[in-house]
Amino acid sequence: MAEFTIIIPVYNAEVYVAKCLNSVVQQSFKDFNVVIVDDGSKDNSGKIIDAYASKYNNFMVIHQDNQGVSVARNVGIKNSDSEYICFLDADDYIENNFLELFHNEIIKSRPDLIISGVTVISDRKTNRILFHENEINIIRKKLLLDEWPLWVCNKCFRRDAFKEFAFIPGKIFEDMYFIGGVLKEAKVIKCIKEATYFYNCCNLNSITHNKTASHEYKFIEAKLFIRQKALDNGMSDISSLDSTIINLMRNCLLLDLVDGSLDDDKRVFLKEYLKSKNRFIVDFKDRFWVNRLLRDNHFLCRLYAKYRFRKL
């Protein structure tokens, strides 16, 4: 049984997947298996990953009808038998010592969760995000209060440490639900003080580039889930997270005036929530537009929304 399984969901990633898989092949630590789940790709992704599986004995490919990234990752989990599991997206890639540094931490303390630094690649710049903390309560706080990203792909999980180690099918922003669900169960969390995961923001087909009010509402739902998890973890001061949620709700209502993708129930919920939190909005500009939205000043708000989201 290998020490690690790397699970890679693939959907129409022919432009990126070879670089992703090459970075896996080049790992300095060799005790790992790879489960690649082709989630109904319509391009040449299936042929590319099959070629790697035929060349490397530790690569397994599973082809399935398109069911979404959560189901694909769950299929990968079910077909893994290692103690530690890592997730890698097909348009990203990893440093050669990605697994080696995880292995070194496992030897020291056998942690339930290990977090690696990330290099975020965009069209304009490259940004390194490093995590220099090993006190578990502080790590939980930084993750749940939106200070650290809730991605699964820069993390390594000891599978048996978590009761419900699975993603929720059909959910967008599935990483947030997954991390929020398992975080309380982790007893030992360690951070790798190097950026060994390369996160690609240049893929315009990624769901994170889908800017609609309906899409933003799903992001708000995920944030509200994380808010509840923060309270469940005993965090009393969640004002920074509340501020983020208020801004997301305001922008969602503004965006809805442009694309009209929300139904009435969602609009009512957002407005009622903003009304209940209105007194906590400190910034004058934010309060002004929230009040305009609450008063249904659609003409003025629509003009502002078209200006604000003119690049979409």
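Q: Which residues are linked with Arg 73 in a network of salt bridges?
A: In this predicted model, a network of salt bridges includes Arg 73 as one of its members. The residues linked with Arg 73 in this network are Asp 89, Glu 174 and Asp 175.

Q: How far apart are the closest N and O atoms of Asp 175 and Arg 73?
A: A salt bridge requires a side-chain nitrogen of Lys or Arg within 4 Å of a carboxyl oxygen of Asp or Glu. Asp 175 forms such a bridge with Arg 73. The closest N and O atoms of the two side chains are separated by 2.8 Å.

Q: How many residues apart in sequence are the parts that Asp 175 and Arg 73 tie together?
A: Asp 175 and Arg 73 form a salt bridge. Asp 175 belongs to helix 6 (residues 174–182), while Arg 73 belongs to helix 3 (residues 69–78). The pair therefore ties together parts whose separation in sequence is 102 residues.

Q: Is Arg 73 buried or exposed?
A: A residue counts as buried when its relative accessible area is under 20%. For Arg 73 the relative accessibility is 1%, so Arg 73 is buried.

Q: How many salt bridges does a search of the whole structure find?
A: Side chains of opposite charge can pair when their charged atoms come close. Among the pairs in this structure is that of Arg 250 and Asp 286, at 2.4 Å from N to O. Over the whole structure, the number of salt bridges found is 16.

Q: In which helix does Asp 286, the partner of Arg 250, lie?
A: The side chains of Arg 250 and Asp 286 meet in a salt bridge. The pair links distant parts of the chain, 36 residues apart, with Arg 250 in helix 8 (residues 239–259). Arg 250 is buried, at a relative accessible area of 8%. Asp 286 lies in helix 10 (residues 284–294).

Q: By about how many helical turns are Glu 105 and Lys 108 separated?
A: Glu 105 forms a salt bridge with Lys 108, with the closest N and O atoms 3.8 Å apart. Glu 105 is buried at 13% relative accessibility, whereas Lys 108 is exposed at 64%. Both belong to helix 4 (residues 98–109) and are three residues apart, so their separation is about one helical turn.

Q: Within what arc do the buried residues of helix 2 fall?
A: The buried residues of helix 2 (residues 45–55) are Ser 45, Gly 46, Ile 49 and Tyr 52. Seen down the helix axis, these residues line one face, because they fall within an arc of 130°.

Q: Which exposed residues does the face of helix 2 turned away from its buried side carry?
A: The buried residues of helix 2 pack against strand 1, helix 1 (17–25), strand 2 (32–39) and strand 3 (59–64). The face turned away from this buried side carries the exposed residues Lys 47, Ser 54 and Lys 55.

Q: What is the relative accessibility of Thr 5?
A: Thr 5 is placed in strand 1 (residues 4–10). Beyond its neighbours within four places in sequence, Thr 5 has contacts that include Asn 33, Val 35 and Tyr 84. Thr 5 counts as buried, and its relative accessibility is 1%.

How values were computed. Residues are numbered from 1 along each chain as its sequence is written. This is a predicted model: local features need pLDDT of at least 70, side-chain atom pairs count only at pLDDT 80 or more; totals for chains, interfaces and linings use all residues. Side-chain values use heavy atoms; hydrogens and water are left out. Helices (H or I, at least four residues) and strands (E, at least two) are DSSP runs, numbered from the N terminus. Buried means under 20% relative accessible area, exposed over 50%, partly exposed in between (1.4 Å probe, protein chains only). Contact means heavy atoms within 4.5 Å. The arc is that of the directions from the helix axis to the C-beta atoms.
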